[in-house]
Amino acid sequence: MERFISDSPEETIETGKKIAAYLKAGDCVLYTGEMGAGKTHLTKGIAEYFGSTDDVTSPTFALVNEYDGTVPVFHFDLFRINTLDDLYAIGFFDYLDREGIMCIEWSENIPELAAYLTNRCGVNIVKTGDNSRIIEYIPQEELC
Amino acid sequence: MLILGIDTAAAPCCAAVYDTDKQQTLGSVVINNKLTHSVTLMPVVSDLLRNSGIAIEDIDLFAVANGPGSFTGLRIGISAVKGMAFAASKPCAAVSTLEAMAYNVAVCDGIVCAAIDARCNQVYTATFLNDNGTVTRLTEEECLKADELAARLSEYDGDIILVGDGAQLVKKAADEQGINTRLAPDPLRFQTGYGVCLAAMNAEQITPEQLMPMYLKLPQAQRELMAKNADAYKEERKD
């Protein structure tokens, strides 16, 4: 596990870039962290690392945002998704074949999901103050 | 009768025109370019018809593989066929993706097992008996673990031909259990428009409105087991 400290949204974006350096096409990043923890800012850092200039926003309503870059980044919010069937019905599994990086918020809503993701890592964001965060990157071999 | 057969259920984008009177394929295209079917399908159909010298009005039946398969892929293929058939005021036929692949190897007599990779070492599968050009369904479509399917295949005598993008997964499981299976050769192993056309000849003709995708869900027992495994994983992540 690698631990980062962030004291601002800008530093969270920078942390996203550092984490992105560990990622390759086909990887899935599973976030944990409460609302407002900075998952979107972190994703912005990841997308920017891969050369995207697209706007990075929360996919809460769209369910998925796609950011073009040298490796595309697919940003999912599964907050309103509760079952594997729902996940299938939003086309989630089709994205796994598109050789991008999947950044997934609220994956813990669908406990069965992890088994379907071949290359995955975890990112935990813990709020320690209004603007301060502890961000932990957990590589696949330390996940389970 | 001319049939346009389309399959976009998995990675390949397939279209073919088959003449049932001549019993001949007039044109067939398979594109496996990793692009989404929404980009590939309509140019493929348009070029196929133009290069075969066939007008869309000449098509008598619009056939499509309606599942199992990828959610997005199925919806693209079915929507396209619905649209074309509606505009041309012609009937549609929905055929199983698995059955259409069994028709690819209709010339080979014996047991044919069609399997589509459903991830997590699972396949969507059905088994057929091919006899003198006739394809007869032996099992309903279901989602099974590869080793579970291999064990079921052991009940059949003789070689079993495997088709579909899950064929290799099944072959590996069958090899481990000492069950004889053979992979269909590459051009016949995966989806083809030709297979869809042949299967459509024996399918019910329906209106474009009646054409619907057939999604296949995971069996309940398997879901529960996976939920249990996932709970354990969730516990671990808490630490």
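Modeller: The model is a predicted one. The buried residues themselves are Gly73(B), Leu74(B), Ile76(B), Gly77(B), Ile78(B), Ala80(B), Val81(B), Met84(B) and Ala85(B). Residues three or four places apart in an α-helix point the same way, because there are 3.6 residues a turn. In length, H2(B) has 18 residues, and its reach from first C-alpha to last is 26 Å, close to the 26 Å expected at 1.5 Å a residue.

Both flanks of the helix deserve a remark on backbone geometry. After H2(B) comes Ser89(B), with a positive phi near 50°.

The largest nonpolar core has 76 residues, of which Ala63(B) and Val170(B) touch the most other members. Helix H2 (residues 71-88) of chain B supplies the largest share of this core, 7 residues. At least three residues of the core come from each of domain 1 (2-98 + 190-210) and domain 2 (105-189) of chain B. In soluble globular proteins, nonpolar side chains tend to be buried together.

Val170(B) illustrates the contacts within reach of such a residue. Leaving aside residues up to four places away in sequence, Val170(B) touches Cys113(B), Ala115(B), Val123(B), Ala146(B), Leu149(B), Ala150(B), Leu162(B) and Thr181(B). Apart from this core lies another, of 33 residues, among them Val29(A), Tyr31(A), Leu78(A) and Ile125(A).

The relation between the domains comes next. Chain B is divided into domain 1 (2-98 + 190-210) and domain 2 (105-189), and the C-alpha centres of the two lie 24 Å apart. Their contact involves 9 residues of domain 1 and 10 residues of domain 2 of chain B. On the side of domain 1 that touches domain 2, the residues comprise 6 nonpolar, 3 polar and no charged.

A residue of strand E6 (residues 110-117) of chain B, Val112(B), gives a point of reference for distance. The C-alpha atom of Val112(B) is separated by 33 Å from that of Gly83(B), and the two are 29 residues apart along the chain. Val112(B) counts as buried because it has 27 C-beta neighbours inside 10 Å, where 20 or more are required. Beyond residues up to four places away in sequence, Val112(B) touches Ala102(B), Val105(B), Phe128(B), Asn130(B), Ile161(B) and Val163(B).

Cys120(B) lies in the loop between E6 and strand E7 (122-131) of chain B, and its phi is positive, near 60°, in a residue other than glycine. Cys120(B) has 17 C-beta neighbours inside 10 Å and therefore counts as partly exposed.

A helix of the other chain can be described in the same terms. Helix H1 (residues 9-20) of chain A has 12 residues and reaches 16 Å from its first C-alpha to its last, close to the 16 Å expected at 1.5 Å a residue. Its buried residues are Thr12(A), Ile13(A), Thr15(A), Gly16(A), Ile19(A) and Ala20(A). These residues lie on the same side of H1(A), because they cover an arc of only 160° around the axis. Their cover includes strand E1 (2-6), helix H2 (39-49), strand E6 (120-127) and strand E7 (133-138) of chain A.

Lys17(A) also lies in helix H1 of chain A, yet counts as partly exposed, with 16 C-beta neighbours inside 10 Å. Not counting residues up to four places away in sequence, Lys17(A) touches Gly45(A), Glu48(A) and Tyr49(A). Lys17(A) and Gly51(A), 34 residues apart in sequence, are 11 Å apart in space, C-alpha to C-alpha.

Notes:
Residues numbered from 1 in each chain as written. Chains lettered and ligands numbered in written order. Predicted model: local features only at pLDDT ≥ 70, side-chain atom pairs only at ≥ 80, totals over all residues. Helix = DSSP H or I, 4+ residues; strand = E, 2+ residues; numbered from the N terminus. Expected span 1.5 Å × (residues − 1). Buried ≥ 20, exposed ≤ 12 C-beta atoms within 10 Å, placed from the backbone. Arc of directions from axis to C-beta. Contact = placed C-beta atoms within 7 Å. Core = buried A, V, L, I, M, F, W, Y, C linked by C-beta atoms within 7 Å. Domains from an automatic or database assignment. Nonpolar A, V, L, I, M, F, W, Y, C, P; charged D, E, K, R; others polar.
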